[in-house]
Amino acid sequence: MRHALIALMLAASPLAAAAETLPAPVEQQVPGLEKSGEGRLNFLFFDIYDAELFLPEGGYSPEKPFALRMNYLRNLSKDELVENIIDQLKKHKPYDSETLKKWEQTLINLMPSVKEGTEITGLSLGDGTSQFFRGNEKIGTVTDKSLTRAFFGLWLDNPPAVPERLRAQLLGQ
């Protein structure tokens, strides 16, 4: 009984509530997004990040605003992070090399190096543009609609570039 009471108190604590909310600038821009699901990406024996997907009422649609937050569980340099994203894009769909080069430059200008505990939130605005945040700090905007679609498609396309299990967890399936 005592353990159940402690668990209930922890679940109702401000720390638990904080994990369910998005960074303030995201909440202000697109109020009402609700957490749909969460999952962990790991590769071999390494945990890479925990991901959470926040959707509007009615569920996922690329034409509606949504947010994907990643809490990194390991240190990655900017170059490693961008290289991994580009590698995943190459494996996911047959994009031409000129497009991938352009996207790589955009991502190099956008993405930071991450340490264990760094939170990066990608906000798709539903119009093909997206914004990215490190914690509450806006780190950039992507106006290339095809890059926005391809980037979030790594997690949300069917089939995704990430394991199908992670996609299902994010979508609350």
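Colleague: How much accessible surface does the protein have, and what share of it belongs to carbon and sulfur atoms?

Modeller: The accessible surface comes to about 9800 Å², with 55% of it belonging to carbon and sulfur atoms; such areas come from the Shrake-Rupley method with a 1.4 Å probe, and for residues only the protein chains shown count as cover. Please keep in mind that this is a predicted model, in which local features need pLDDT of at least 70 and side-chain atom pairs count only at pLDDT 80 or more, while totals for chains, interfaces and linings use all residues. Residues are numbered from 1 along each chain as its sequence is written, and side-chain values use heavy atoms, with hydrogens and water left out.

Colleague: What secondary structure is there, and in which pattern?

Modeller: There are seven helices and six strands, and along the sequence they follow α-α-α-β-β-β-α-α-β-β-β-α-α. Helices (H or I, at least four residues) and strands (E, at least two) are DSSP runs, numbered from the N terminus.

Colleague: Which strands pair with E3?

Modeller: Strand E2 (residues 46-55) pairs with E3 in the antiparallel sense over six bridges, and strand E4 (residues 119-124) is also antiparallel to E3, joined by six bridges; pairing requires that DSSP finds at least two bridges between two strands. Glu 52 stands opposite Arg 69 in E3, and Met 70 stands opposite Ile 120 in E4.

Colleague: Is E3 mostly covered or mostly open?

Modeller: Strand E3 (residues 66-72) is mostly covered, since six of its seven residues are buried, where buried means under 20% relative accessible area, exposed over 50% and partly exposed in between (1.4 Å probe, protein chains only).

Colleague: And why does Thr 121 count as buried?

Modeller: Thr 121, which is found in strand E4, counts as buried because its relative accessibility is 0%. Leaving out residues up to four places away in sequence, Thr 121 touches several residues, including Leu 22, Ala 67, Arg 69 and Phe 132, a contact being heavy atoms within 4.5 Å.

Colleague: Switching topic, how many aromatic pairs are there?

Modeller: The structure holds eight aromatic pairs. In one of them, the rings of Phe 132 and Phe 151 have centres 5.3 Å apart and planes at 85°, so the pair is edge-to-face. Rings of Phe, Tyr and Trp (its six-membered ring) pair if their centres lie within 6.5 Å, with planes under 30 degrees apart counted as stacked, over 60 as edge-to-face and the rest as tilted.

Colleague: What about Phe 132 and Phe 152?

Modeller: Those two rings are stacked, at 6.1 Å centre to centre with 10° between the planes. Phe 132 lies in strand E5 and Phe 152 in helix H6, so the pair ties together parts that are 20 residues apart in sequence.
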